Structures are given as structure tokens and as C-alpha cells.
Amino acid sequence: MIKKHWWKALAVLIVLYSIIAGMLIPLKPGILQVHPYNLEAGTSPTLIVNTYNTKFEQGDNIRAWISIDSNYAIPARETRMLNNRQLSIDFDLPTFLPFVEKSKSLALVLDEKEHGAFVRPRAINITQNTIDTTRAQSVWTYPPIKDIHRYDKMSFPMRGIIYETIKNTFYHVPLWFGMVLILLGAMIYSIKYLQKADPFADLRVLSYTRIGVLFGILGCVTGSIWAKNTWGTWWTFEEIKLNVSAIALLIYLAYFVLRSSFEDEEKRARISAVYSIFAFVAMVPLLFVIPRMTEASLHPGNGGNPGFGGDDLDNSMRMVFYPAIIGWTLLGVWMANLVYRADVLSYKMMEKELS
Amino acid sequence: MGTLKETLFLIQKEMLLEWRQKYAISGIFLYVLSTVFIVYMSSQGLQESNLFRNAWNALFWIVILFASVNAITKSFVQENGYRQLYYYTLVNPIAVILSKIVYNTLILLGMSALSYFAFSLFIGNPVRDQQQFFVAILLGSMGFSITLTFISAIASKASNSATLMAILGFPILIPIILTLLRLSSNAIGLMRDTSIDTDISILIAIDLILMGMALILFPYLWRD
């Protein structure tokens, strides 16, 4: 019993793990909003900073900088905590700044012992009226940013625009991986059918294709929800990946139409197996080559966007993401098995009726 | 008799058959001409518009796509089961599909050349890089021919073959069409594509993969 079914338990455990870990592990602290955005050199502004996932307390030693580059940073004169997610920070901006642009967007860096250091790129914009970098560099007295803390608790990266939806990586992406793997399974059973002409192999192809298409539809739905929350639209035809995945689904929906147009079982099984193999091979360039050669894409890793990985897929993400792929694929195989067994039962009942 | 010799012989047979019943090929050419004429009638004033080159590119490939489907649908349907059975007793099935693919490529090349000519005559010719455009036409004809010939072999087994041709064929053709559109918009000057060699090699790779699959899978299709 256990020897035969261990992988089903594994599938459930991994999927549960990915859902629980994905939902419970928090994002790293981050900066949501900085007000005001436009500052002038030589003034002493007070910034109101709204933070995310922070638990500031009275007496925390919160340090803040406006970062210019790795050598130059303007430290805050005073940092006050308004509540556990809001700070008020006073800066004294020098009259001369060490860059040549008239105005420049700069990052705000916060650091606290419990929360670690966190950054918002392009948080503020400083305008300087007199540009004199040599003088700025010679009179510069501030030390560069150092002695910053690390946030050691288990957490996911905090990214602008994406925010909490980064966790959809554990549901949306594994569904597509699962779809391709399960359709690959359908192709392998198609080859098996062509070798042995076994009607049960044909039923396997059918069940795998059904679950593959189901995963594809779920991938579309999860992606659509994600798109609504980050790109602001449920679906866009500007985006090549959405188009090619819709076409991939069309290829496999045509498989069902093809099946339904045959009366003879043997003929249906043979010809749909041939189509299934051809369709999988035709789908590979569609899903994996075409999106990579298109200039404009909003998905990571396509159209000149930074690859999927690096900072966005850090080790804490990987610990959930990779198991999730295995878990969803195994779950899909299990579902396909159930569909297959139901098909076999009705096939046998039909045979009994006929005899 | 080797497969190659059989293929050549079968191509000869296709041509002879076409020559004897000229209505098929002349039908396709008339189809192209009348479609282009409809495009011409319905796009008055397009030449002066900014969208001319965009629309030209899109319309050209749509005309080619539909004419190809029309031309190739018949390749397996027109011959009845008994005659096909007769071929299969005589020759290698690979020779059958190979000869049809080569023959259909030739037909599509002729058809594309005709529509290119008709488009230039009626609507105008925005193509700047002729050589690149002809590479697109050549690779496109090959890709369309391989895919649609194989799909027509599948569809001919079913009763509703005309519908199946479109349902099965169009989604599979999309990667080829998308790459072709990039190639031809570069040739027309709609966009500057720096990776044109990659596009051409992708197109060749897709053609070769589909060709390989068609040759491997066809022997399983014909047995009835």
C-alpha cells in the first residue's frame, strides 16, 4: 500500500507545504511611500516615510540615508517613529552635491537592528541649482553607509509593484511547468500506443491531455489575477506569453475535437495519438522559442527583461518554488490517474454491454 | 526502388495528375487573384495612409495562409481510399508524404509568387529588401506545406475534414507565421530587426523539426 502510493502522499504534502509556507512566510520590510518626493539642495526637509511589514518600537535606533552612490550618502539628522509603520525623518541637505545632473532620483535607505537594512530606489528627487562636484567632494564630511544590519528571519523579497503577489510564483509558475510535464506524459503514452496499439494507453493519453489542459486553464486564471493586480488588466494581447499560451491551449482543445470526429475506436486512438505527438513537438517552439525573441514582454526572462532568478528568486523563494513544481506535477499525475481509472471502468462496462 | 526514386516518381505523378485535371491548380490561382482583387477593392485609399505597410504585410500573409489551406486540403482528400491503398502496396509511405510535401511546396511557391505579383500590381509594393522577402516566402512555403500536408493527412481520415484543417492547422502554424511576420516586416522596413539571422535559423529549425515528425509519424497514419 505505502510502497505503491507514497508519491500521492508526497504530492499532497508538498502542495500543502507550498501553500502554507507561501502564505505564512512574510515579505521583507520595505518602504512603501516617501513624501515629499521633490527636494532641493541646501534645505532641511522632513520626510514622512510609510513602511511595510515593520514593527518599529519606541527606542529603536533607526538610521536613514539618502544614498547617492557607494561612496556618498547623506545621513538623517533625526529619525522619529510616528507609529510602527511610519517614520518622520529630518535631513540637512548640503548645498553642493557630488553629481553633475541638475536633478537626480536617489534611493532612501533605512536600517534598524531587528529589521535589517532596506532600500527604496528612486524614492526622492533632489534638485540642485549650483552644480559644482569638485567642491562638493572636497567639503563632503559624511561617511558612506556602513555597519548595516541583516534581516535573518525567513522572508521573501519585497519588490515595488509586485508586493505580496510575489507569492503567486508558487502557484502560477508551477502550474505551467506541470502542464508541460503532464503533456509530455501524454506524448510518451502516445508513442506507447503507436508501438503496442493498446487501447488503455490511448485512455492514458486522453486523461493526461485533459489534466494538462486543466492545468493550462488554471495557469491562465492565476496569471490573470496576477496581471490584474500588477499590470492593472485581466488580459492583454500586447503580451506575447499570454498569446502563445492561449494558442497552446487551442492546439490541445483541437485534440478533443479531433477525437470526437471519429466513430471507430482504433482509428480514433491511432490518429489522435499521431496528432498528440505532432502537437507537442509543435508546441515546444511556440512556448519556449517565440517568447524569447520578442522585444516587448512584461514577464521576467523575456523580451530583454531581467531573467527569472537572481534577486527575485532568492533562496527563500527557491525553497518553496522548486518543491511546488514537483508537488503540482505529482498531483496532476495523480488526477490524471483518477480520470484514467474512471475511463477504464466505463470502457469495461461498455465492453460488457456489447458482449 | 529506393525511397528517393519513388519520391521523384510520385512527384512526377502529382504533376501529371494536376496537368490532366487543370481545374484544381487553376482554381487555386483564381482564388488568389480574386482574393487580392477583393483586398484591392476594400482597401481604397490605403496606399496614401500611414498604415499601408502594416496592412500590406498582414493582408499578404493572411491571403497566403488561406490560399495555402485551400490548396493543400485536397492533397489527401482527392484520392480515394482504394487508390491510396494501391500506392501503399507499391511504395514506401515516407515517399508518399515526402512527394506531397515537395509538390505542395512548389505549388505554394508558385502561389506566393503570384500573390506577390498581384499585390504589387493592384495594391502596391512596399518591400525594400526583395532578397529577404523571398527568403521569407521560401521558408514560409516550406513550413506551410509541411504542416498543412501532414494535417491534411490527419484530417482526411475524418468526415469533417475542411473544419478540422482549420482547427488543427492554424494553431500549429502560429509559430511559423509569427516568425515570418518578423522577417517580412523587416524586409518591408516596418522594424529594424538586428537578429534576422536568428529568425531565419529558427524558421529553418521549426521547418526541419516538423518535417522530421511528419516523416516519422506518417507511416502510422495511413494504415486503414
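Tutor: A:Arg270 counts as buried, at 4% relative accessibility; buried means under 20% relative accessible area, exposed over 50%, and partly exposed in between, with a 1.4 Å probe and protein chains only. The model is predicted, so local features need pLDDT of at least 70 and side-chain atom pairs pLDDT 80 or more, whereas totals for chains, interfaces and linings use all residues. Residues are numbered from 1 along each chain as its sequence is written, chains are lettered from A and ligands numbered from 1 in the order in which they are written, and side-chain values use heavy atoms, without hydrogens and water.

The side chain of A:Arg270 forms a salt bridge with that of A:Glu266, at 3.3 Å from N to O; such a bridge is a side-chain nitrogen of Lys or Arg within 4 Å of a carboxyl oxygen of Asp or Glu. The two residues are four apart in helix α6 (residues 265-288) of chain A, and therefore about one helical turn separates them. Helices (H or I, at least four residues) and strands (E, at least two) are DSSP runs, numbered from the N terminus. An α-helix has 3.6 residues a turn, so residues three or four places apart point the same way.

Together, A:Arg270, A:Phe278 and A:Met293 supply 26% of the area that chain A buries against chain B, more than any other three residues. Buried area is the accessible area (1.4 Å probe) that two parts lose on being put together, summed over both. Across this interface the rule finds zero salt bridges.

Over all chains the structure holds 12 salt bridges. One of them joins A:Asp92 and A:Arg77, at 2.9 Å from N to O. A:Asp92 lies in the loop between β7 (86-90) and β8 (103-112) of chain A, and A:Arg77 in the loop between β5 (73-75) and β6 (78-83), so this pair ties together parts 15 residues apart in sequence. Both ends are partly exposed: A:Asp92 has a relative accessible area of 31%, and A:Arg77 one of 48%. In chain B, the side chains of B:Glu14 and B:Lys13 meet in a salt bridge of 3.4 Å, N to O, and both residues are buried. Elsewhere, salt bridges that share partners join A:Glu78, A:Arg80 and A:Asp90 into one network.

A:Asp343 is buried, with a relative accessible area of 15%. Apart from neighbours within four places in sequence, A:Asp343 is in contact with A:Leu203, A:Leu206 and A:Arg210.

Key:
Contact means heavy atoms within 4.5 Å.
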